[in-house]
Amino acid sequence: MQEQSSDKETKLPSEIRQTDEIAPAKGKCLHIAPVSKGIDFNELLEQAVQCVNMGDILSKIHAGTQYVVQIPAEFQSAYESGEMFIMENMKTGKKWPSLMRITEDGKHQVVTPLPIAEQAVVQGNPIQELANWQYQLVMQQRMYRLSDLVEKTYRAVERIENGQMDDRIGLLEAGRKGLLLAMTMPEGDARNRQIDSSRQNLLVAQSQIGKTLERRAIEFEPLSKNPLIRFARVLLHDEYNAEKGRAVEEIQEYYDLYLQATNLLATSYALCGNLETAEQTYSISESELEAIDFSKVETISYEYSELKDMFYSDPVGYLATEQEKCLDKAKSYDYVALEVSGEKLLEVLENGREKTVPETKTEH
């Protein structure tokens with residue numbers, strides 16, 4: 001018997017990780033270190049110090065100390081409205097850039113808040129561009145992983161049906177392929193239309209798969225709790241237990257397919273920034289699963305007591321786990337945090353100061 005498996009999220013490389021540990025701000029943070037792959041850290045650090053006024057804090061930076069420069073992914077609107085990212089804004093929930101020192105025990109201690117530099121608004125926000133790029137990468141990776149899981153389960157169900165697949169599975173496959181096509185398109189109206197078209201197939205397929213799952217659960221002939229009766233049935237038909245086990249595995253395949261269809265559907269909304277509808281997708285699916293009686297299927301444990309954490313033991317619980325993963329991935333980054341040594345930070349700040357000196361002299 002196969003135990004319940006869920007979509008195992010591939011973690012980001014250890015050098016680029018999502019964390020909420022960086023004080024004092026709370027939110028989803030993209031943490032970047034000098035060894036982060038696919039990122040020119042030196043260039044990013046130079047861009048970051050241009051986004052905030054760090055020139056007057058040179059005396060607070062010391063060689064031999066590790067620092068974190070934490071910058072909100074979005075700050076232009078707050079700057080234009082005249083608000084400043086300062087410590088006093090903590091009560092209002094506003095985000096602010098901060099310079100933090102990494103203590104010996106690994107905690108982050110605020111050194112000073114960093115006011116926004118005016119040129120950051122004029123030149124654009126490279127921090128937000130990086131956060132958006134990484135967010136899109138994470139969402140695309142999730143979509144490809146979900147699609148791969150759906151295809152594998154699709155093939156398993158196809159074998160169950162002996163190739164006689166009906167519309168419910170065909171629609172799911174069409175929706176899956178449509179979303180993959182959308183991933184190759186640039187962001188915009190055309191991409192959103194492609195996602196919406198694919199979503200319609202997923203909606204119908206998910207509903208029909210749910211009905212099939214319910215029917216298979218109802219039609220399953222339960223095993224007797226009495227071991228003597230079960231033994232007698234095996235005597236009459238030596239494949240009795242094996243057939244029951246295969247029937248449960250088939251129901252599990254449909255459950256997995258329903259779960260994955262829900263994930264694809266919710267992620268399609270998340271890709272368009274509609275997190276409320278993505279969450280509602282899981283709520284509706286939860287109600288549908290709660291309405292299915294898996295008590296007959298659960299009697300398989302009388303014969304296979306070693307099975308643990310099968311889908312019928314907590315069908316809604318597995319869905320809740322998927323929801324948490326999906327919605328967490330779907331949240332855009334609030335901050336980008338650059339981990340840098342005091343030496344490197346001093347070097348970047350001094351280089352920036354040297355570059356501005358000749359320009360100032362030429363004006364006089």
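Glu173 counts as buried in this predicted model, because its relative accessibility is 8%, and the cut-off for burial is under 20%. The residue lies in helix H5, which covers residues 167-183. Its side chain is joined to that of Arg176 by a polar contact of 2.9 Å. Leaving out residues up to four places away in sequence, Glu173 touches Tyr154 and Arg155.

The setting of this residue is a protein chain with twelve helices and six strands. Of its 364 residues, 46% count as buried. The chain exposes about 18700 Å², and carbon and sulfur atoms supply 48% of that area. Among contacts between residues at least 6 apart in sequence, 77% join residues at least 24 apart.

The interior may be considered next. In soluble globular proteins, nonpolar side chains tend to be buried together. Here the largest nonpolar core has 84 residues, and Met54 and Leu345 are those with the most contacts inside it. Helix H8, residues 240-271, gives this core its largest share, 16 residues. A second, separate core has six residues, among them Cys29, Val68, Met100 and Ala337. Met54 touches Leu345 itself, together with Val49, Val69, Leu99, Leu114 and Leu349, when residues up to four places away in sequence are not counted.

Val49, one of these partners of Met54, is also one of the buried residues of helix H1, which are Phe41, Leu44, Leu45, Ala48, Val49 and Cys51. These residues cover an arc of only 145° around the axis, and therefore lie on the same side of H1. The loop between helix H1 (41-51) and strand E3 (66-72) contains Thr65. With a relative accessible area of 17%, Thr65 is buried. Its contacts, not counting residues up to four places away in sequence, are with Arg101, Val340, Ser341 and Gly342.

After H8 comes Gly273, whose phi is positive, near 80°.

Within H8, Asn263 counts as buried because its relative accessibility is 2%. A polar contact of 2.6 Å joins its side chain to that of Tyr282. Beyond its neighbours within four places in sequence, Asn263 is in contact with Arg142, Leu146, Tyr282 and Glu322. The C-alpha atoms of Asn263 and Thr281 are 8.8 Å apart, although the two residues are separated by 18 places in sequence.

Thr281 and Tyr282 are both among the buried residues of helix H9, along with Ala278, Ser285 and Leu289. Seen down the axis of H9, the buried residues fall within an arc of 90°, so they line one face of the helix. An α-helix has 3.6 residues a turn, so residues three or four places apart point the same way. The face of H9 turned away from its buried side carries the exposed residues Glu276 and Glu290. At 1.5 Å a residue, its 16 residues, 275-290, should span 22 Å, and the end C-alpha atoms are 23 Å apart, which agrees.

Gln280 is also found in helix H9. With a relative accessible area of 45%, Gln280 is partly exposed. Its C-alpha atom is separated by 8.4 Å from that of Ala266, a residue 14 places away along the chain.

Val297 counts as buried because its relative accessibility is 0%. When residues up to four places away in sequence are not counted, Val297 touches Ala217, Phe220, Val248, Ile251, Phe311 and Tyr312.

Notes
Residues numbered from 1 in each chain as written. Predicted model: local features only at pLDDT ≥ 70, side-chain atom pairs only at ≥ 80, totals over all residues. Heavy atoms only, no water. Helix = DSSP H or I, 4+ residues; strand = E, 2+ residues; numbered from the N terminus. Expected span 1.5 Å × (residues − 1). Buried < 20%, exposed > 50% of the residue type's maximum accessible area, 1.4 Å probe, protein only. Arc of directions from axis to C-beta. Polar contact = N/O pair within 3.5 Å; in protein donor to acceptor, adjacent residues only side chain to side chain. Contact = heavy atoms within 4.5 Å. Areas by Shrake-Rupley, 256 points an atom, 1.4 Å probe, with all protein chains shown as cover. Core = buried A, V, L, I, M, F, W, Y, C linked by side-chain atoms within 4.5 Å.
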